[in-house]
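Subject: Structure handover

Hello,

Here is the structure for you to look through. My notes on the salt bridges and on the record annotation follow below it.

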Amino acid sequence: FLPQVDSANAGRVLASDAAVFLKKSGLTDLVLGKIWDLADTDGKGILNKQEFFVALRLVACAQNGLDVSLSSLNLPVPPPRFTDTSSPLLLSGTASTDLPWAVKLEDKVKYDSIFDSLNPVNGLLSGEKVKPVLLNSKLPVDILGRVWELSDIDRDGMLDRDEFAVAMFLVYCALEKEPVPMSLPAALVPPSKRKPLSVPGAMPLIPSSTKESHQSLPPVGILAAKTPLTQ
């Protein structure tokens, strides 16, 4: 990874160069900012080789649903994943299409019955219809906002049957005091949403266009009316 951001081979990485590279992880700017603050120990806006490795390790932690903290550095995680497939990055490992879905079959049946009870239109539920179910969990609105972001995988402002199952899975995890990840782990991506060439887990949480933003974010805005979203 280092040669790609340290073209001058000076053994250090500037904030501007690192920012461009780290954005390819698919993590939000808020999470990346936290990662940078933890890695840039002296606050000079430059990372040496060791600090850059810490940043990469924290990216891997965030992509796998772990807390972005120095205490997570010693936990076993797969290598970080980046979306620039033209670079010889660590894109090997288990393909996303081969991973078993984290949502168990018996749970999926339960989630499907809730989905059907909400009167989907053309197999889709709007944010307005999903909102009462999410709010019924009594979870904080910022957590529910993140659940919506992660489950609306195709960014259309609606949840299909599989996306709804992801949302319910995340809600139940949160109710069991498990942290809601910052980006969707590869095992949680429904098989119907997986692409053979995609990089597992590297799903940008920031819509790529204003049109998508308009379609995707209103339901989250409804949920988080009192708590500003991290975006």
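Asp112 counts as buried, at 15% relative accessibility. Buried here means under 20% relative accessible area, exposed means over 50%, and partly exposed lies in between (1.4 Å probe, protein chains only). The side chain of Asp112 meets that of Arg161 in a salt bridge, 3.9 Å from N to O. The pair joins distant parts of the chain, with Asp112 in helix α5 and Arg161 in helix α8, 49 residues apart. Arg161 is partly exposed, with 32% relative accessibility.

Before going further, the basis: this is a predicted model, in which local features need pLDDT of at least 70 and side-chain atom pairs count only at pLDDT 80 or more, while totals for chains, interfaces and linings use all residues. Residues are numbered from 1 along each chain as its sequence is written, and side-chain values use heavy atoms, with hydrogens and water left out.

On terms, a salt bridge is a side-chain nitrogen of Lys or Arg within 4 Å of a carboxyl oxygen of Asp or Glu. Helices (H or I, at least four residues) and strands (E, at least two) are DSSP runs, numbered from the N terminus.

The structure holds 8 salt bridges. One of them is between the side chains of Asp162 and Lys108, at 3.3 Å from N to O. This pair also links distant parts of the chain: Asp162 is in helix α8 (residues 161-175) and Lys108 in helix α5 (residues 105-117), 54 residues apart. Asp162 is buried, with a relative accessible area of 16%, and Lys108 is buried at 12%.

These pairs belong to a network of salt bridges that links Lys108, Asp112, Asp116, Arg161 and Asp162.

Glu163 forms a salt bridge with Lys193, where the closest N and O atoms are 3.7 Å apart. Glu163 lies in helix α8 and Lys193 in the loop between α8 and α9 (210-216), so this pair ties together parts that are 30 residues apart in sequence. Glu163 and Lys193 are both buried.

As for the record, an unreviewed UniProt entry places the feature "domain: EF-hand" at residues 27-62 and 139-174. UniProt positions are in the numbering used here, feature names are shortened, and annotations may be inferred rather than shown by experiment. In the model, residues 27-62 are 69% helix and 8% strand, and the end C-alpha atoms lie 8 Å apart. Residues 139-174 are 69% helix and 6% strand, with end C-alpha atoms 8 Å apart.

Regards
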